[in-house]
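Please find below some notes on the model.

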Amino acid sequence: MRGLVVLFMLCFGSVTAQVKVVQINSTWNKQNDLELNLKNCQYEYALLDDLTPSLKSKVKSVPFIYVLKDGHIVGQFDGGLRMKLNVTEEELQQFIDRINEIN
């Protein structure tokens, strides 16, 4: 239940920014976290270990980042077989800036 509440709050909690970025990783892969200091968005971090088993099964790779605008997923990035994200903070910020420009 705790995991479901965590995911619900990450996706639908109070949003002060139109764009939200959520990074999900696991404790065993923390060395591959992407340290983010993003602007013009709300940023959340969650551990896969805190999600319910049914939600865990939907995450195919960690780390995983998804970008939401007005509650809808508009972008996602995952670690793939390397278990390391193939996006930089700068590229993610550029993506967020482009999303913010779209009305």
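Which residues cover the two faces of strand 3, and are they buried or exposed?

1. The model is a predicted one. On one side of strand 3 lie Phe64, Tyr66 and Leu68, and on the other Ile65, Val67 and Lys69; all of these are buried. Both faces of the strand are therefore covered, and with six of its six residues (64-69) buried, strand 3 is largely enclosed by the rest of the structure. In general, side chains of a regular strand alternate between the two faces of the sheet. Note that Lys69 is among the buried residues.

2. The sheet is open and has four strands in the order 2-1-3-4, with mixed pairing. Strand 2 (42-47) and strand 4 are the edge strands, each pairing on one side only. On average, neighbouring strands of this sheet are turned by 20 degrees against each other, direction ignored.

3. On one side, strand 3 pairs with strand 1 (residues 19-25) in the antiparallel sense, over six bridges. Two of the partners in strand 3 can be named here: Leu68 is the bridge partner of Lys20, and Ile65 is that of Gln23.

4. Lys69 stands opposite His72 of strand 4. The hairpin formed by strand 3 and strand 4 has two residues between the strands, and in this hairpin Asp70 takes a positive phi near 50 degrees.

5. How many aromatic pairs are there? The count comes to two, with ring centres required to lie within 6.5 Å. Phe64 and Tyr66 form a tilted pair, with 6.0 Å centre to centre and 45 degrees between the planes.

6. Are Phe77 and Phe95 buried or exposed? Phe77 has a relative accessible area of 19% and is buried, because the cut-off for buried is under 20%. Phe95, at 15% relative accessibility, counts as buried too.

Conventions. Residues numbered from 1 in each chain as written. Predicted model: local features only at pLDDT ≥ 70, side-chain atom pairs only at ≥ 80, totals over all residues. Heavy atoms only, no water. Buried < 20%, exposed > 50% of the residue type's maximum accessible area, 1.4 Å probe, protein only. Pairing = 2+ DSSP bridges. Axes fitted to C-alpha atoms, helices over the stretch in contact; angles between N-to-C directions. Phe/Tyr/Trp six-rings, centres within 6.5 Å; stacked < 30°, edge-to-face > 60°.
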